[in-house]
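This report describes aromatic contacts and overall composition for the entry shown below.

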Amino acid sequence: MLQWPDLRQLLSVLELGENPSSSLNMQSVAADTEEIMNVEPSTILALAKNALSASKQALALAEDLKLDLDDSLSNSLGSANSSTLPVEEEEAPTVRSTRRLERQSKRRRMPSKFMISDTYSLRKTNVRKKVSGSYDPNDPLRLFLRGPETTQLLTAKEESELIVKVQDLMRLEKLKSNLQSQFGREPTLVEWAEAIGLSCSALQAELHNGNRSREKLVYANFRMVFHVAKQYQGRGMNLQDLLQEGSMGLIKSVEKFKPQVGCLFATYSYWWIRQTITKSIVQHSRTIRLPENAYSLLGKVVKAKRSYIQEGNHCPSKEELATRAGITVQKLDKLLFTTRTPLSMQQPVWTDQDTTFQEVTPDTGIEIPDVSVAKQLMRQHVRNLLCVLSPKERKIIKLRFGIEESKENSLSEIGNIFGLSKERVRQLESRALYKLKQCLVKQGLGAYADLLV
């Protein structure tokens, strides 16, 4: 802590500046210190610190100016003396102060405010370039969302008036469908107007107002369709398809809404939009469509895994997931197996090459050359083995097993060919097979055991 005499001395030195010996300054300092005595100590300390920092800055500036003057004088004197000095003295080296170079190097190393602002502005311009690169001003969807039809909101009174007109349109269309079922054909405009009790021009005006009201109500709530569709992105359908399905749900909600129930139109239409979007995802998001219960179970598993990740367990086991989802481990394995995403055979295996899965996947329907040659040798060997049988037995075996024909015949069919009974054909077949078994080891047919499926 500074005492009052110390503060007086410090303030007097700071106020004196470059002439501390002048009596006038001393008198003014004494008068100022007497005035400062009535001020609080905290303000005095702050003023003293500010004055001290200002004096240090003034001293540093004075030193810089003095050094600059010395350098300029030395340069001018050197240039003036160079003309008067003899040639022998020109070879003497010139000694200069290095303090200026040191200060300049320090200033280069210190980041200034201008440099920080420049880097920030450069970073900001880079971000703007990225945003402008992804922004397409000619995107039809963006232009439609920013159009006057979708940005103009409706008041409660306007919405109720539009809903009344849409209900009148639905009543007219219902009457038209009744007339069509009654006549067996589509009714004409005159018949339709007579059934309602209006003129043709009045009916056309009613239809025009109803259609315009329905379109205006759909356009005014299309931003809600966009809001719901964004929540279901990344589930196998792009944004345009989701918007199309959500628009169909919005149109259906406009046609089925009843204000007498007491529900708001926004709440009612939100349910229809979400319902149509989820149904379309179930039907069109996968190449192999899954039932809705599989999607619901998969949603429970995903929700359970997300909750474990939020708790800090980034790799939960199957038992933990099954317990939290409320299913068994076997059912979880079956669900994960059935919900696998199929890959296209034309998809590249590696990103840096054009090799597809079709080129590296073997075809199980085509035999390799070694197996096909071995089977041909086995067939030829079996045909040669049939020579040990009698002609009738050989014929029965060929017809029974389809050796020369692609069709295998029954015992009754073979009996009809030879004019024998079914039992007699069976006896001849069993005797022929017994003879073949006796020759099996002698002919070496055991080598083909691996080829028999």
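Arg-324 sits over the face of Tyr-308, 3.9 Å from the ring centre; a charge counts as over a ring if NZ of Lys or CZ of Arg is within 6 Å of the ring centre and within 35 degrees of the ring normal. The model is predicted, with local features needing pLDDT of at least 70 and side-chain atom pairs counting only at pLDDT 80 or more, while totals for chains, interfaces and linings use all residues. Residues are numbered from 1 along each chain as its sequence is written, and side-chain values use heavy atoms, leaving out hydrogens and water.

The structure contains 3 aromatic pairs (ring centres of Phe, Tyr and Trp, the last by its six-membered ring, within 6.5 Å; planes under 30 degrees apart are stacked, over 60 edge-to-face, the rest tilted).

Phe-257, Phe-265 and Tyr-268 make up one aromatic cluster. Phe-257 is buried at 7% relative accessibility, and Phe-265 is buried at 2% (buried means under 20% relative accessible area, exposed over 50%, partly exposed in between, with a 1.4 Å probe and protein chains only). Trp-272 is buried at 14%, whereas Trp-271 is partly exposed at 46%.

The protein chain has 21 helices and 0 strands (DSSP runs: H or I of at least four residues, and E of at least two). Of its 453 residues, 23% are buried.
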